[in-house]
Every structure is written in structure tokens, then in C-alpha cells.
Amino acid sequence: MKAILPALALIAELTHRCPLHCVYCSNPRELTRKERELSTDVWARVLREAAELGVLQADFTGGEPLARPDIVDIIRAARRAGLYASLITSGVPLDERRLEEIVNAGLDHVQLSFQGAEEESASEFSGTRTHAAKLRVTTWLKRYRVALTLNFVIHRGNLSQLEQMLALAEEIEPQRVEFAHVQYYGWAYVNRARLLPTREQVNHSLEILKKAEDRLRGHIRVEYVVPDYYSRFPKACMGGWGRKVMLISPNGDAMPCHAAAVIPGMKFENVQTQPLREIWENSLAFQKFRGEDWLPEPCVSCDQRARDFGGCRCQAFLLAKDAAVTDPVCSLSPHRSIVNSILRDAGGESNAELNTPVPSTEVRPSTNWIYRSNP
Amino acid sequence: MAAPLSLEKRPRLAPGCRLGQTAQQFRILQMPERALRLNGSSLEIIQRCDGEHTVREIISELQDIYSKADPLKVEQDILDYLLLLQNERALDLE
């Protein structure tokens, strides 16, 4: 058996509470209530244990991590432990004084999410009016030597604003800008029919982004990926199961990814009762799909396996009802016709390009958004 | 495209980019979402990206340290490495 390498990143979901109600939120549909959230002291211990395990960076996310009144103490604890500290945030609720406290606690990097290039549609997708507040946060951030990444979540409803989003990024001048296609888990899964772009939209957006990447090189780093329903091979989800990333949920469950709780029979150990190293190295959840021993065909005889590790287990379950099969987005998957059928329903493909239709999953086009609730 | 690097510029690590080390004591450059592992000469270069040294001075100091290597090769390696860091958006040029 191969040695288990240490995790490199700890994703700390500090809370599921959030002032936004984004229709594509990646949080699970079953949200953790405030009463069950970990205390400041437990987070500080988890961060120390993570650094001892070899973790280099802590990504504080949620929900909205700023909803934790102790966010300053938690960031300070990460830096004391020797970790690189990133805050993944909507920028709400925040004021200038609190931002200064957070920066002084040692924050290295802010990833600020945007729902679009302008207020109206951003409000529709997030179920709140926060666009102007986010713009204010970018002006405050200019006072500090903290890295800024703008994260634009893109989908069918806002891809037409891509040029305006790039213009906004050039105006704000962050070090990085990410264009993240919605991925279909959690709340995005139930809203998929309205979020999934067409192939034409995807191809057009990739042309624009490639040009922007070249034009802004050395000035703003532009990052994006092809949305996986439209790619030939699956994404290397989380860099491989139990290989690089460990996620701690608000109540302390240690998980290989955001969505793993959708897989039936998964049992997660909790950081309140077990040391982090023990969970990372030996827990059943992390061992379940680690390495190559579990790989099915066609992955096991495919050279791509060292690059994509068979793709995403949660997606395999959500689409093919079996977490142990090749990710159905893979063009070599025996289940690829499920994805083709979804794309055709979205108007994303012509019939000629597709195999015979198969029964689609339960998501049907709906006229109304299902907004993320609060725990 | 990133403009060719002027020898009179004073590179400085960009916000959110800093030296660190792993639990196994390897030196790394930490930056948003990634880390670069550093060997002897890349560490020597990055330690001089302090907003004080010009590119010319960094080259000259490393040519002294690596005096047995071809000075032109040292210069080219440094320019290539600074360009890589610039494309990673790990440098501010002042």
C-alpha cells in the first residue's frame, strides 16, 4: 500500500448561515443549525492539528464566514498555527473597522464572490441586494497588502454579461479573477435546468476568456475551466478523493468534499471526537475512494486515471445512482447518455449530436428559482 | 501580455505572497490557492524581491554567489524565473 500524503488545504466551513440565498449554493440542502457549530477553541485546535499534519492553507468559507462573530480570532489562530489564511466571502456583513481587524489578524487572501456585473440580475440570483456592498469592500481592500481574487459565478443567466464582468475586474484590479461555472450539487442541482448554459454559450465564453487571459497576463491572473458537463473528461474532483483537501463542516464532520454527504452510507468522523491525523489517514470515509484500488472500468484501464482519478464520486451518485462508477460526464463512461440527455433538455445540444435519449434524472425545467434557505 | 522586464524595476512580492515552509522543512512561496517549492537559487531570487533590489542588482548578486556558472546563463535564468513569477501574479514591479 502506498503512503498517504498529507492534505495540503483545509476547507473550514465555519457556518451555514448566510445573508445571501444563491440559487446555485454548493452547500448541502440539509443545513447545520447555529447551535451545532464548532466553538472558537475547537477551530483553533483543528487548525493546529492541520498544520502538524502538513496542511499549508486554510480556506475559511461557509455559508458566510463573516457571520461568525469570532472570525478575527479564527484567522489569528490559523496564522499562529503557521497556515496561509484565505477568506472566501460574499463581503457581507462587513464594515471598515471589522475588515481592519481581520487584516491585522494576519489574513493573506480574500476571495470575494460576485453574482454578475450589475445589481439587478445579481440580486435575482442571490435573492438579496448586495452588489453595491461588495463594490464598497473592494475599495476598502485597496488600503491593505492582502491578495484579492474576484470570483464570478457564471451560468446560463449571466454569461451574456461576461465582457462587463471582465471590465469590472479590470476596474477593480485584483491579483486574480476566477470565472467559475456553476457545478451541479446542492442547491444548483435543483435549479440546474435554469442554470445550465448551452454549448454555444460555453464555446463563446471560452473564446472571450482565453483572449482576456492573454491580454491581462502579468497584470491580473484570469482563471477558468470548461464546465464539466461539456468536457470530454471529468474534473479531478478536489484533486482526488482524500488526496489533497480535507473539508470540515460547521458541526465538525471531516469530509473529502462539499457534497460527500449525498452519497448513501457515508459516515463521517467528527473533529470533536478524533484527532485530524487519525481521520485523514484511517477513517472509512477518506479511505473509501482513495487511490486506485476502487476504480471501475473504463477508468482502471485508462491513462486519464492518473489525471482525473475517475472524476467526481458525488456526481456519479447524483447522475448514475452509484458513487463507484466512472463520472458520467466522461465521454468514455457507459452512463454518458444521461448527461447528453440533460444537455439536450437544456437546449444545449442538437439531437444529431446525441445518442438515443434515456430517461433523465428527476430535475425538470421549472419556472421559478428555488432559493437557498437559512439553517 | 506581460511587458519585457526592465532591469531597473524593483520587484516586490505581491500582496498575499510570502515565504513559508512545509512540515518537512521545504521552503515554499505561498500564494492564493497555490504554493511553489523553492530550491537554492529560486529562494535567493525571491529573498531579493523586496522592492529594494533592482532586477540588475539581483542578477549581479546572484552572479557573485554562483560565480562558477556562466554569467549570461545566470542572467537568463533569473529573467525567466521573474517572468514566471510575474505570470503567476506573484510580483509587483515598482
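Let's start with Phe179 of chain A. Phe179(A) touches Phe152(A), Ile154(A), Leu209(A) and Tyr224(A), leaving aside residues up to four places away in sequence. Keep in mind that this is a predicted model.

Where does Phe179(A) lie? It is in strand 6 of chain A, residues 176–181. Is Phe179(A) buried or exposed? It is buried, because 24 other C-beta atoms lie within 10 Å, and the cut-off for buried is 20 or more. Now step along the chain to Tyr189(A). That residue is 10 residues from Phe179(A), and the two C-alpha atoms are separated by 19 Å.

Next, the core. The largest nonpolar core has 126 residues. Which of them touch the most other members? They are Leu10(A), Tyr24(A), Ala58(A), Leu83(A) and Cys314(A). Take Ala58(A) from that group. Again leaving out residues up to four places away in sequence, Ala58(A) touches Leu10(A), Ala12(A), Leu47(A), Ala50(A), Ala78(A), Leu83(A), Ala85(A) and Ser86(A).

On to helix packing. Two packed helices are described by the angle between their axes and the distance between the axes. I'll take one pair from each chain.

Chain A first. Helix 1 of chain A covers residues 40–53, and helix 2 of chain A covers residues 71–80. Their axes come within 9 Å and cross at roughly 20 degrees. An angle under 35 degrees counts as roughly parallel, so helix 1 of chain A is roughly parallel to helix 2 of chain A. The crossing is right-handed. Who makes the contact? From helix 1 of chain A come Thr40(A), Trp43(A), Ala44(A) and Leu47(A). From helix 2 of chain A come Asp73(A), Ile74(A), Ala77(A) and Ala78(A). By class, that contact has six nonpolar residues, one polar and one charged.

Now chain B. Helix 1 of chain B runs over residues 40–47, and helix 2 of chain B over residues 55–65. Here the axes come within 10 Å and cross at roughly 145 degrees. This crossing is right-handed. Ser41(B), Glu44(B) and Ile45(B) from helix 1 of chain B meet Ile58(B), Leu62(B) and Ile65(B) from helix 2 of chain B. The contact divides into four nonpolar residues, one polar and one charged.

Last, the two chains together. How many residues does the contact take from each chain? Chain B gives 14 residues and chain A gives 18 residues. The side of chain B that touches chain A has seven nonpolar, six polar and one charged residues.

Note on methods:
Residues are numbered from 1 along each chain as its sequence is written. Chains are lettered from A and ligands numbered from 1 in the order in which they are written. This is a predicted model: local features need pLDDT of at least 70, side-chain atom pairs count only at pLDDT 80 or more; totals for chains, interfaces and linings use all residues. A nonpolar core is a set of buried Ala, Val, Leu, Ile, Met, Phe, Trp, Tyr and Cys residues joined through C-beta atoms within 7 Å. A residue is buried if 20 or more other C-beta atoms lie within 10 Å of its own, exposed if 12 or fewer, and partly exposed in between; C-beta atoms are placed from the backbone. Two residues are in contact if their C-beta atoms, placed from the backbone, lie within 7 Å. Ala, Val, Leu, Ile, Met, Phe, Trp, Tyr, Cys and Pro count as nonpolar, Asp, Glu, Lys and Arg as charged, and the others, Gly among them, as polar. Axes are lines fitted to C-alpha atoms, for helices over the stretch in contact, and angles run from 0 to 180 degrees between N-to-C directions. Helices (H or I, at least four residues) and strands (E, at least two) are DSSP runs, numbered from the N terminus. Angles under 35 degrees count as roughly parallel, over 145 as roughly antiparallel, 65 to 115 as roughly perpendicular and the rest as oblique. A crossing is left-handed if the near helix is turned anticlockwise from the far one by less than a right angle, and right-handed if clockwise.
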